[in-house]
Every structure is written in structure tokens, then in C-alpha cells.
Amino acid sequence: MARGHQKFQSQQKNAKKQAEIKKSKGHDQKAAAKAALVYTCTVCRTQMPDPKTFKQHFESKHPKSPMPLELVNVEV
């Protein structure tokens, strides 16, 4: 087990290494947002994150089209 100055040096080295890993990895917001959009409108191909939003979209944008079976039992 490291003590004193050696422990401090080890912590600094580990923090630097973790920062480099985090920096090289980065965070892709576009990919995360795209992964969250799981429902696709069958009429206009618009993507939505949840069935509630999808049903609201379908009722407002496509009132004359028949409701998809996946939205029939969804409560708004």
C-alpha cells in the first residue's frame, strides 16, 4: 500500500489518465438523441421518443389516416 507522497503521485497519475480517456472518448449528443427516437410515424416518417407524443402527433397531423395498432391503447 502506498503512503504519503507516493500515494499522492499515484492519485495524480490516475486522474491524468482518466481525464485523457474521457477526453478521447468524448460525448456524441447527436447519436444519443437519435437513439432516443424510437417511434417512427408511418405517414410522414417523423421520429418521436415515446408513444404518448407519437399519438398526439398522429391525432394532430394525420386525423384522417387510420390510427396504427400500436397507438390504439395508448393514453394521452
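Student: In which helix do F54 and F58 both lie?

Tutor: The model is a predicted one. F54 and F58 are four residues apart, about one turn of the helix. Both residues are buried. The helix that holds them is α3.

Student: What kind of pair do the rings of F54 and F58 form?

Tutor: A pair of aromatic rings is described by the distance of the centres and the angle of the planes. For F54 and F58 the centres are 6.3 Å apart and the planes stand at 85°. Planes over 60 degrees apart count as edge-to-face. The pair of F54 and F58 is therefore edge-to-face.

Student: How many aromatic pairs does the structure hold, and which residues do ring pairs link into a cluster?

Tutor: The structure holds two aromatic pairs. Y39 and F54 form a pair with 6.2 Å centre to centre and 35° between the planes, which is tilted. This pair links distant parts of the chain, with Y39 in strand β1 (residues 39–40) and F54 in helix α3 (residues 51–61), 15 residues apart. The cluster linked by ring pairs consists of Y39, F54 and F58.

Student: Is Y39 buried, partly exposed or exposed?

Tutor: Buried means under 20% relative accessible area and exposed means over 50%, with partly exposed in between. The value for F54 is 0%, so F54 counts as buried. Y39 has a relative accessible area of 28%, so Y39 is partly exposed.

Student: Which residues does C41 contact, leaving aside its neighbours within four places in sequence?

Tutor: C41 sits in the loop between β1 and β2. C41 is buried, with a relative accessible area of 0%. Its C-alpha atom and that of K52, eleven residues apart along the chain, are separated by 12 Å. The contacts of C41, leaving aside neighbours within four places in sequence, are T46, M48, F54, H57, F58 and H62.

Student: Is H62 buried or exposed, and which residues does H62 touch, not counting those up to four places away in sequence?

Tutor: H62 is found in the segment after α3. Its relative accessibility is 12%, and the limit for buried is under 20%, so H62 counts as buried. Not counting residues up to four places away in sequence, H62 touches C41, V43, C44 and H57.

Student: Which residues make the nonpolar surface patch?

Tutor: One of them, V72, is found in the segment after α3. V72 has 46% relative accessibility and counts as partly exposed. The patch covers about 310 Å² and is made by M67, L69 and V72.

Student: How far apart are the C-alpha atoms of I21 and V38?

Tutor: I21 is found in helix α1 (residues 4–25). I21 is partly exposed, with a relative accessible area of 43%. I21 and V38 are 17 residues apart along the chain, and their C-alpha atoms are separated by 30 Å.

Student: In what order do the elements of the protein run from the N terminus on?

Tutor: The secondary structure comes to three helices and two strands. From the N terminus on, the order of these elements is α-α-β-β-α.

Student: Why is the protein described as more spread out than a compact globule, and what is its radius of gyration?

Tutor: For 76 residues the globule rule gives 11 Å. Along its principal axes the C-alpha trace spans about 75 × 25 × 15 Å.

Student: What share of the residues counts as buried?

Tutor: The protein exposes about 6800 Å², of which carbon and sulfur atoms supply 53%. Among contacts between residues at least 6 apart in sequence, 6% join residues at least 24 apart. Of the 76 residues, the share that counts as buried is 13%.

Notes:
Residues are numbered from 1 along each chain as its sequence is written. This is a predicted model: local features need pLDDT of at least 70, side-chain atom pairs count only at pLDDT 80 or more; totals for chains, interfaces and linings use all residues. Side-chain values use heavy atoms; hydrogens and water are left out. Rings of Phe, Tyr and Trp (its six-membered ring) pair if their centres lie within 6.5 Å; planes under 30 degrees apart count as stacked, over 60 as edge-to-face and the rest as tilted. Buried means under 20% relative accessible area, exposed over 50%, partly exposed in between (1.4 Å probe, protein chains only). Patches are made of residues with over 30% relative accessible area and no salt bridge: like charges are joined within 9 Å, nonpolar side chains (Val, Leu, Ile, Met, Phe, Trp, Tyr) within 5 Å. Accessible areas come from the Shrake-Rupley method with a 1.4 Å probe; for residues, only the protein chains shown count as cover. A salt bridge is a side-chain nitrogen of Lys or Arg within 4 Å of a carboxyl oxygen of Asp or Glu. The radius of gyration is taken over C-alpha atoms; the globule rule is 2.2 Å times the number of residues to the power 0.38. Contact means heavy atoms within 4.5 Å.
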